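Please keep the structure open while reading.

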Amino acid sequence: MPLYFRDSLNFLSKLTPRRVWNAAQLVSSFYLTKYRKKPIQWGLPMTISVEPTTACNLRCPECPSGLRAFTRPTGNLKEDFFRDTIDELYKDLLYLIFYFQGEPYINPNFLDMVKYASDKGIYTITSTNGHFLNDANAKKTIESGLDRMIISVDGTTQEVYENYRKAGNLETVLQGARNVVKWKKKMKSATPHIIFQFLVVRPNEHQIEDVYRLAEEIGVDEVKLKTAQVYDYEQGNDLIPTIGKYARYAEKPDGTWQVKNELLNHCWKLWHSCVITWDGMVVPCCFDKDADHRLGDLKKQTFKELWHGPAYDGFRKSLLQGRDQIDICTNCTEGCKVWA
């Protein structure tokens, strides 16, 4: 059985009648909103991202965590708060992403929280820079029931890798991947589905074929190529790839640059998902990295009150009126029309 097909079957196994009904409500309310141009929201999110920590060991140049550029506080997600949140949402929740900013494995209770969500029948995923996958953590990762693990491998030689992953060590990452593969085999586990994520930037674009070979040698299940978000792109940027299909930006006749895609005034993310920061703030999506658009505080209200509350309703209305007026939307490819 192809590995991606096995992962898909695992995901489908998490479905329950209640989760299917909730998803149907989300889809129908989203399309009704597009038709009526007025926000209608039924159901609760079927996907959430939770932030295990804002701390990170690397200093990647386009990452607020790596740049230590947050205005919000740095900290770790508390396990009791996480459990309370999951207890409220798990019956409708299908997909849980343990990542927003920071390196998840820095939180000492990270894998315990993964296990708690997995035991509730939720499909769990994390994204890691791979520097904390020692033998003990690799074994505990398998035991946690994590369904999918994305490991960032943005170069196949140390020189190229550290061009973006500042302060990172490629061999440590690759050994971490080998450790997870080893324990999957030892424990006869089908999970996690391991993905090498290759963020395509100009310095590494010549190594795309190499990362596929490397993944096969190690026993990684899949490789995904990802386009890079660049903050200062208007005058060009050395990180923008020369291979057009991997670039989010295009050069205009006057020599300046713009996001390739035309913004459409709707966004599926605002109907089916959200992000919860380590300290309980709820923000619209992963593009709000500094949590500027806070739609509620789970330490002060239930999620259901927040999700159907005036702040969320107001943000959805503003989105329908013009995404080009919302700062976090202008550098986003979600809900966009590709013109080049």
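In this predicted model, helices α4 and α5 count as roughly parallel because their angle of about 20° falls under the cut-off of 35 degrees. Helix α5 covers residues 135-144, and its axis lies 8 Å from that of α4. The crossing of α4 with α5 is right-handed. On the α4 side the contact is made by L111, D112, V114, K115 and S118. On the α5 side the residues are N137, K140, T141, E143 and S144.

Helix α4 also packs with helix α3. Helix α3 spans residues 79-89 and α4 spans residues 110-119. The axes of these two helices come within 11 Å and cross at roughly 15°, which makes α3 roughly parallel to α4. The crossing of α3 and α4 is right-handed. From α3, the residues in contact are E79, F82, R83, I86 and D87. From α4, they are D112, M113, Y116 and A117.

The two pairs can be set out in a table.

| Helix pair | Angle between axes | Distance between axes |
|---|---|---|
| α3 and α4 | roughly 15° | within 11 Å |
| α4 and α5 | about 20° | 8 Å |

**The nonpolar cores**

How many residues does the largest nonpolar core have? This core has 84 residues. Those with the most contacts inside it are F82, L96, F98, I151, F196, I276 and F303. Helix α7, residues 170-186, supplies the largest share of this core, with seven residues. A second, separate core has five residues, among them Y95, Y123, I125 and I150.

I276, from the largest core, has contacts with residues from several parts of the sequence. With neighbours within four places in sequence left aside, its contacts include I48, S49, V50 and E51. F81, T85, M281, V282, L298 and F303 are also in contact with I276.

**Buried polar and charged residues**

E51 lies in the loop between β1 (47-50) and α3. Is E51 buried or exposed? E51 has a relative accessible area of 0% and is therefore buried. The side chain of E51 makes a polar contact of 2.7 Å with the side chain of R72. The E51 side chain also reaches the backbone nitrogen of Q101, at 3.4 Å. Apart from neighbours within four places in sequence, the residues in contact with E51 are R72, L77, F100, Q101, I276, T277 and W278. E51 and F82 are 31 residues apart in sequence, and their C-alpha atoms are 10.0 Å apart in space.

S152 belongs to strand β4, residues 148-152. S152 counts as buried because its relative accessibility is 5%. The side chains of S152 and R165 are joined by a polar contact of 3.3 Å. Not counting residues up to four places away in sequence, S152 touches S127, T128, N129, Y161, R165, V173 and Q197.

R148 is in strand β4 as well. Its relative accessibility is 17%, so R148 counts as buried. A polar contact of 2.6 Å links the side chain of R148 to that of D7. R148 also touches residues including Y95, Y123 and I125, which are members of the second core. P192 and H193 are among the other residues that R148 touches. R148 and T191 are 43 residues apart in sequence, yet 6.9 Å apart in space from C-alpha to C-alpha.

**Backbone features**

Most residues other than glycine have a negative phi, and most peptide bonds are trans.

Which residues does a cis peptide bond join? The bond is between T191 and P192, and its omega is about 0°. P192 is found in the loop between α7 and β5 (193-200).

K37 is not a glycine, but its phi is positive, at about 60°. K37 is in the loop between α2 (17-36) and β1. With a relative accessibility of 66%, K37 counts as exposed.

A167 is likewise a residue other than glycine with a positive phi, near 75°. A167 is in the loop between α6 (158-164) and α7. Its relative accessibility is 63%, so A167 counts as exposed.

Terms used. Residues numbered from 1 in each chain as written. Predicted model: local features only at pLDDT ≥ 70, side-chain atom pairs only at ≥ 80, totals over all residues. Heavy atoms only, no water. Core = buried A, V, L, I, M, F, W, Y, C linked by side-chain atoms within 4.5 Å. Buried < 20%, exposed > 50% of the residue type's maximum accessible area, 1.4 Å probe, protein only. Helix = DSSP H or I, 4+ residues; strand = E, 2+ residues; numbered from the N terminus. Contact = heavy atoms within 4.5 Å. Polar contact = N/O pair within 3.5 Å; in protein donor to acceptor, adjacent residues only side chain to side chain. Axes fitted to C-alpha atoms, helices over the stretch in contact; angles between N-to-C directions. Parallel < 35°, antiparallel > 145°, perpendicular 65-115°, else oblique. Left-handed = near helix turned anticlockwise from the far one by under 90°.
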